[in-house]
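Student: I am new to this structure. Could you show me how to read a few of its features?
Tutor: Gladly; here it is.

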Amino acid sequence: MARPARSRRDLEAGIERDFGRNLSYGDYLDLGRVLSAQHPRAVPPRHDEMLFIVQHQTSELWLKLMLHELTSARALIAADDLQPALKRLARVKHIQHTLTEQWSVLATLTPSEYAQFRSFLATGSGFQSWQYRAVEFSLGNKNASLLPVFAHDQAVHARLDALLHEPSLYDEVLRWLARRGHPVPREVLERDVTTPYDSHEGVVDVLRTVYADPSAHWLEYEVAEDLVDVEDNFQVWRFRHLKTVERIIGSKKGTGGSSGVPFLRRALDLTFFPELYDVRARIQDVEPPGYHGGAADE
């Protein structure tokens, strides 16, 4: 009996072939528009501009999904529905890893290659990504002074303004802790949510209670560590962004008018959930058996 050719796979009889009336994969994903949305501007054309465009367009798609998940997680926490909220945060963390790994693709762009089309960006810059700002606002890094950057787009400006005035994910976590019976200070619960969040000693005390006995406060402990994961991932993304930019343009200013690398470096000092880091210095080490505070041979 003849053996089937190893270099060919015949279509099964049941595989759909007629898409004159049926919905196809490309139609479902609207690939006609997605794959025709890349418009290199360099004259004459430069091969590497496509990499730059696709890198940033795919990043925006992942930011769209991250914002979708964060918005849902915040609403679920406000409704005391923690298990699906944690599922959303788990997905956010995977999105963050994907976004971070994407920098390795852009890092293949050399300074000479980028210089061939950089001027065609004009004043366009990733700083102007409204979805990135929406993610930061959702996590708690509120900054009203950024809104004028988006005044040219009424719908985007309205969405960011709404996020500015809504509680952040962290605000909702703190309110949830209060509903769980933890003594979160009233001034924290009633704070002006349009401002950046500042560390409060009363919240550090609440978290110290949680970390002192995780088994007694396991859900709170899990939520706290998930938030630390999200912030840690965000900082790794910021660092990879900084190093990729430094690798490609060095000390040049950004196309959007920023100082470039120095501006990105200052972002590494920003934090979304300050007490979750402050509490780490307050966690007491467990003393070994027989230890009385002195040297072992005293």
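Student: Is R41 buried or exposed?
Tutor: This is a predicted model, so every value is computed from it. Exposed means over 50% relative accessible area. R41 has 61%, so R41 counts as exposed. R41 lies in the loop between α2 (31-34) and α3 (49-78).

Student: Which residues does R41 touch, not counting those up to four places away in sequence?
Tutor: R41 touches E49 and F120. R41 and R118 are 77 residues apart in sequence, and their C-alpha atoms are 9.8 Å apart.

Student: R118 makes me curious. Which residue has R118 among its contacts?
Tutor: T255 does. Leaving aside neighbours within four places in sequence, T255 is also in contact with Y114, L121, A122, T123, G124 and S125. The T255 side chain reaches the backbone oxygen of G124 at 2.5 Å.

Student: Where is T255, in the loop or in a helix?
Tutor: T255 lies in the loop between α11 (218-249) and α12 (261-266). Buried means under 20% relative accessible area. T255 has 18%, so T255 is buried.

Student: How many residues of helix α6 are buried?
Tutor: Nine of the ten residues in α6 (130-139) are buried. Among them are Y132, V135 and F137. The cover includes α3, α7 (154-165), α8 (169-179) and α11. After α6 comes G140, with a positive phi near 125 degrees.

Student: Now salt bridges. How many are there?
Tutor: A salt bridge needs a side-chain nitrogen of Lys or Arg within 4 Å of a carboxyl oxygen of Asp or Glu. The count comes to 19 salt bridges. In one of them, K93 and D229 meet at 2.9 Å, N to O. K93 lies in α4 (82-106) and D229 in α11, so the pair ties together parts 136 residues apart in sequence. K93 is buried at 15%, while D229 is partly exposed at 33%.

Student: What separates E172 and R175 in helix α8?
Tutor: About one helical turn, because E172 and R175 are three residues apart in α8. Their closest N and O atoms are 4.0 Å apart. E172 is buried at 10%, and R175 is partly exposed at 27%.

Student: Which residues are linked in a network of salt bridges?
Tutor: E69, R88 and R91 are.

Student: Last one. Which residues make the nonpolar surface patch?
Tutor: L23, Y25, Y28 and L29 make a patch of about 530 Å². L23 sits in the segment before α1 (25-29). At 60% relative accessibility, L23 counts as exposed.

Conventions: Residues numbered from 1 in each chain as written. Predicted model: local features only at pLDDT ≥ 70, side-chain atom pairs only at ≥ 80, totals over all residues. Heavy atoms only, no water. Patch = residues over 30% accessible without salt bridge, like charges linked within 9 Å, V, L, I, M, F, W, Y side chains within 5 Å. Areas by Shrake-Rupley, 256 points an atom, 1.4 Å probe, with all protein chains shown as cover. Helix = DSSP H or I, 4+ residues; strand = E, 2+ residues; numbered from the N terminus. Buried < 20%, exposed > 50% of the residue type's maximum accessible area, 1.4 Å probe, protein only. Polar contact = N/O pair within 3.5 Å; in protein donor to acceptor, adjacent residues only side chain to side chain. Contact = heavy atoms within 4.5 Å.
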